[in-house]
Amino acid sequence: MSDQKQRVTVIGGGLAGTECAYQLARRGVPVVLREMKPHKRSPAHKSDALAELVCSNSLRSDNPESAIGLLHAELRALGSLVLGAADANRVPAGDALAVEREGFSGAITQSLLSQRGVELVAGEVEHLPSEGPVVIASGPLTSDALTRELERHVGTKLYFYDSIAPILSADSIDMNVAFRQSRYGKGGGDDYLNLPMTKDEYYRFIAELKAGQKVVPHAFEEPKYFEGCLPIEVMAERGDDTLAYGPMKPVGLRDPRTGQDPYAVVQLRMEDVGGTSWNMVGFQTRLTWGEQKRIFTNFIPGLQQAEFLRMGQIHRNTFIDSPRLLSKDLSLKTEPRLYFAGQVSGVEGYVESAACGYLVALALHAKLTGTEWVPPPATTAMGALLRHVTGEAHPPDYPHQPSNIIFGIFPPITGRMKKAEKRAAYSARAKQDLAAWLPHAGVPAPGAPEHREQRSA
Ligand SMILES: Cc1cc2nc3c(=O)[nH]c(=O)nc-3n(C[C@H](O)[C@H](O)[C@H](O)COP(=O)(O)OP(=O)(O)OC[C@H]3O[C@@H](n4cnc5c(N)ncnc54)[C@H](O)[C@@H]3O)c2cc1C
């Protein structure tokens, strides 16, 4: 590829930027990695090392029959820098992949600095380079100057807060309580699932919500909520009836079983086109995860057995409206030399960010070598994550929110199965489809003679 070789600038030496830079350089593409540390730090970053874990030292479950464990397995098969460093610095934590954080970041920093073709340049990037391919991997706490610069390039304001509502597994919702209906029969007439509440149930729920334990924000996350996106407990604090006139309003809905108008409803919106997971509309919250489970399962009718695929949260997060702005290869539609990776592209989590950095490296490598970009199959964790960022995993007008990897963004496996069986089926399907795709990532399929060498490269 030497004739077409172009140096890539990667901005941000976090989980996404380091993986992306390493995978590009390993494939012969020279990279300049620009990281503002140690000259400047976000309020959450403390160390000088690359790939710093700003909070927990856990990369979550390593069980390949969980969605995140499956992503671990896929990244291992791909020879990921981040997963390799995690395995080498693992500390005992049950089935979770937890790491000794200094060792983990140190190993990544060391590997990158000794990787041929990578140059590390320290200092804040305030303006994007005027030419050449650029990967923006500046994370949830992208510096202010770069945020303004990115807004100029993408043509819209970047999201600054992430207000995430819980997501529930469809088969855990009590369909003897929930009824399908849109307000006033709009749209398809039955686009939503509704959990009706009586007056007593509603006020009991409000009392629990107000008393429930909340997560205390970091100092730099001091709440500046958008009025249209307030946490439910903040609304409840404004008055016991606020939610009944807001996201829990019952207008335009009638319970077909009783023929009555409910006093209030919790509405659920389809999260994936297959309807295997449902989002609690307007239920962004700072309740602790334990309190969300306790209050929502005990005080919302129909959720007694609910399985939470994702919990509600609110935190500072800089990200773009990727489904509308990015092409399928994660480049900006209006300026295709710019790529977005990691949290700023609309994934959530350490491992997901690294995976996204890897995907960008593959797409960009394909472009620079004039070869076809073959994305991972949608049925793999890597493919599901890509489809989440590009919006393909969701209904067309779905408001984009960063997401962890969850089975809810995979093409659904339908049919009646126990939960464990379904997870095993997702995992087996992904494993088979990943193996067939690996050669497109420049990695020999399992069983091929070169496979062992490639993984340890
Ligand atoms: C307070 C907080 C707690 C979190 N806790 C967790 C957790 O427990 N588990 C989890 O999975 N995820 C957590 N996250 C999300 C986590 O940040 C991401 O999962 C992950 O770090 C994102 O990887 P990234 O590469 O996109 O960004 P980062 O890892 O943040 O890397 C971005 C890098 O870009 C650099 N940078 C920013 N602006 C510039 C600039 N202008 N010029 C040059 N460099 C720049 C930063 O210094 C940083 O090194 C947390 C996020 C925050 C903010």
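So, serine 138: one of its polar backbone atoms sits 3.5 Å from an oxygen atom of the ligand. I'm calling that a polar contact, meaning a pair of N or O atoms within 3.5 Å. Keep in mind that this is a predicted model, where local features need pLDDT of at least 70, side-chain atom pairs count only at pLDDT 80 or more, and totals for chains, interfaces and linings use all residues. Residues are numbered from 1 along each chain as its sequence is written, and side-chain values use heavy atoms, with hydrogens and water left out.

Who's around the ligand? There are 31 residues, and the closest are Ala16, Glu35, Gln343, Gly349 and Tyr350; to count, a residue needs a heavy atom within 4 Å. Helix H1 (15-26), strand S2 (31-35) and helix H11 (350-369) each give at least two residues to that shell. Those are DSSP runs, at least four residues for helices (H or I) and at least two for strands (E), numbered from the N terminus.

Now, S2. Four of its five residues are buried, that is, under 20% relative accessible area with a 1.4 Å probe, protein chains only. S2 runs parallel to strand S1 (residues 8-11), joined by four bridges; pairing takes at least two bridges in DSSP. Going from S1 through H1 to S2, the chain makes a right-handed β-α-β crossover: with the strands pointing away from you, that path runs clockwise. S2 also pairs with strand S6 (residues 118-122), parallel again, over five bridges.

Definitions and conventions:
Polar contact = N/O pair within 3.5 Å; in protein donor to acceptor, adjacent residues only side chain to side chain. Buried < 20%, exposed > 50% of the residue type's maximum accessible area, 1.4 Å probe, protein only.
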